[in-house]
Amino acid sequence: MACIKSLLASSIAIILVGCGGSDSNNDNTGGNNPVSGKVIDGYVVGANVFLDLNNNGLHDRGEPFNKSDENGDYKMSLSNADYECLQWVPTIVQVPVGAMDLDLGVVTEAYEMIIPPTYDPLAQSQSRHATPLTTMLWNSISANKTSADSAVGMTCAEIKANVNAQSIARTALHDSISFVEIQYGITEEEIYSDFVARGDVETHEKAMKIVKGLKKSYPESIEIRHQYPDAWHAAVNYYFTNDNTRNLDKWYRDTQVIGNVNMIATTYRMEDDLNTEMYLVSESFQEATEKFTYNPTGYKHELISFNSTAYLQLDNNGDYIVGTYDCVQSEGISVTNQQGENIGDSKSINNSYMLHNVTDPKTECSHFDSNLITDQSVSQNEYNRSNMNQLAKSNQYVFNASNPAPHSWVDFKNTSVDVNEVVEFVDSYSNDFDTNDTEGASNTERSINYMDNKNEVFANKSIIDNAGVIEMSCNRTTMFADGSESLVETSTDCVNWTVQEF
């Protein structure tokens with residue numbers, strides 16, 4: 001796995017980390033599969049284009065590459081294996097100082113653009129343009145937490161062998177295209193097109209604004225990566241949103257540093273010069289400790305985490321109320337036992353807190369007040385891939401401020417907690433999908449995944465205790481081995497089922 005990872009899906013996360021030149025003198029373009037395209041801000045001459053096979057953001061020896069010519073065109077002839085990798089890893093374009101932008105002149109600030117992988121074996125890959133829009137799309141994919149944790153940053157070989165990662169990445173790409181369409185009013189066709197040749201002035205102007213942010217992001221991302229060499233992901237991203245009602249571009253700066261279990265992230269509203277901070281929009285951090293204990297057949301993983309996010313409140317018009325923040329905090333203890341590849345379980349408890357009208361988030365959002373607990377949960381997750389009758393099941397018991405969980409564990413960061421006692425407490429709750437007992441919780445969620453002959457079944461049950469009145473809802477999906485359309489059913493008691501027609 002490369003070091004490129006991200007947690008925040010609410011903003012576009014830059015991946016321009018650790019990029020630089022290569023000492024490779026082999027362009028590795030001797031294959032029979034031609035790939036070509038344009039490097040576009042205006043058309044850019046002298047940009048370095050390479051297929052990042054190991055997805056580490058660097059041009060390594062043996063990775064196919066070429067330079068854009070006097071018209072901004074690049075061409076590579078790829079081997080069958082490398083051509084297949086176009087669908088799984090990005091193509092990176094490094095625009096160095098001294099390159100020529102045929103619209104703007106000599107490039108005086110280096111930056112990068114990226115062509116995202118297609119994540120589609122049937123996609124047409126012969127013509128692929130690199131633009132600020134394709135770069136923004138890839139940044140948005142990287143900002144998707146699920147994608148970043150499960151797919152982004154995997155080498156070509158790794159993602160080719162991981163069907164689940166492919167599915168996650170494909171969904172993230174689709175979501176990111178939708179985000180760009182909504183955020184900037186740019187369609188999927190326009191994202192991938194040569195807007196210069198098309199004479200699309202509006203899209204060209206948006207792309208030029210995006211480059212302004214890319215040029216500022218690039219050196220600062222390299223600098224923060226040097227500051228945190230052990231981080232999985234360390235990056236800075238400048239981007240703008242458009243307030244159409246006021247004809248105003250609003251610039252923001254996101255900074256993210258993500259380690260194995262710790263994370264910090266900030267968003268600032270910036271002046272148009274991109275140098276002056278106007279105000280803090282949001283700040284998030286995670287502090288955690290973990291412990292692994294290994295045995296001959298598996299391991300035990302203990303994780304104690306503290307999370308806090310402060311964000312500006314909004315008025316009725318959707319504008320930030322500068323200086324007034326809300327804080328959402330959570331803390332958790334989870335213990336996972338893994339035996340081989342097929343059997344495992346996880347037990348956890350979590351507390352959530354909410355603070356309103358905070359004026360100093362750096363101090364007021366850094367500690368817990370047990371009187372402000374809003375939700376608590378007790379969770380169990382189990383899977384047994386060697387038992388086809390029951391592949392996985394989970395149970396979650398949710399409590400609230402008026403009905404707190406029957407334990408006294410709070411402020412995990414500053415209080416000694418015996419994790420074995422936590423496991424024993426969680427185990428005292430039923431993990432039987434068929435029981436309707438809420439065991440005192442305000443809301444109970446159960447799910448189970450099993451095989452019925454050769455058909456796979458997913459079932460979920462939600463039980464709400466509303467002042468002693470029990471409300472239940474259930475759904476069940478059966479996926480047939482012969483590939484026929486799935487059967488979807490709902491129920492109010494998990495006994496009598498109604499087929500849903502679509």
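**Entry 1: β21 and its neighbours**

I started with β21 and strand β22 (residues 487-491), which pair in the antiparallel sense over five bridges. Strands here are DSSP runs (E, at least two residues), as are helices (H or I, at least four), numbered from the N terminus. I count two strands as paired if DSSP finds at least two bridges between them. The model is a predicted one, so to speak of local features I need pLDDT of at least 70, and side-chain atom pairs count only at pLDDT 80 or more, while totals for chains, interfaces and linings use all residues. Residues are numbered from 1 along each chain as its sequence is written, and side-chain values use heavy atoms, with hydrogens and water left out.

I looked up the bridge partner of Thr478 in β22, and found Leu487. Leu487 counts as partly exposed, at 27% relative accessibility. My cut-offs are under 20% relative accessible area for buried, over 50% for exposed, and partly exposed in between (1.4 Å probe, protein chains only). Leu487 touches Arg476, Thr477, Thr478, Phe480 and Val499, leaving aside residues up to four places away in sequence. Contact means heavy atoms within 4.5 Å.

Strand β20 (residues 455-466) runs antiparallel to β21 (residues 469-479), and eleven bridges join them. Lys461 stands opposite Cys474. The two strands form a hairpin with two residues between them, and Ala467 in the turn has a positive phi of about 55 degrees.

**Entry 2: positive phi elsewhere**

Most residues other than glycine have a negative phi. I noted Leu274, with phi near 65 degrees. Leu274 is in the loop between β12 (263-270) and β13 (277-295). At 3% relative accessibility, Leu274 counts as buried. Asp411 has phi near 55 degrees. I found Asp411 in the loop between β18 (392-400) and α9 (419-427).

**Entry 3: a four-stranded sheet**

I traced an open sheet of four strands in the order β4-β3-β6-β9, with antiparallel pairing. Its edge strands are β4 (65-67) and β9 (111-115), each pairing on one side only. Inside the sheet, strand β3 (residues 48-51) and strand β6 (residues 91-95) share four bridges. Asn48 stands opposite Gln94 in β6.

**Entry 4: Asp326**

Where does Asp326 sit? I found Asp326 in strand β15 (residues 320-339). Asp326 is buried yet has no salt bridge, and the nearest side chain of opposite charge, Lys362, is 17 Å away. For charge, I count Lys and Arg as positive and Asp and Glu as negative, leaving out His and the chain ends. A salt bridge is a side-chain nitrogen of Lys or Arg within 4 Å of a carboxyl oxygen of Asp or Glu.

What does the side chain of Asp326 make a polar contact with? I found the side chain of His356, at 3.4 Å. The Asp326 side chain also reaches the backbone nitrogen of Asn357 at 3.4 Å. A polar contact is a pair of N or O atoms within 3.5 Å; within protein, one must be able to donate a hydrogen and the other to accept it, and residues adjacent in sequence count only if both atoms are side-chain atoms. Among the residues that Asp326 touches are Thr309, Tyr311, Met354 and Leu355.

I also checked Val358, in strand β16 (residues 343-358). Val358 is buried, with a relative accessible area of 2%. Val358 touches residues including Tyr325, Cys327 and Glu364.

**Entry 5: salt bridges**

I counted twelve salt bridges. Lys160 forms one with Glu84, the closest N and O atoms being 3.5 Å apart. Lys160 lies in helix α4 (residues 156-160) and Glu84 in helix α1 (residues 80-85), so the pair ties together parts that are 76 residues apart in sequence.

Lys362 forms a salt bridge with Glu283 at 2.7 Å between the closest N and O atoms. Lys362 lies in helix α8 (residues 361-364) and Glu283 in strand β13, so parts 79 residues apart in sequence are tied together. Glu283 is buried, with a relative accessible area of 15%.

Lys413 and Glu287 meet in a salt bridge (3.5 Å, N to O). I also noted Lys347, Glu382 and Asp427, linked in a network of salt bridges.
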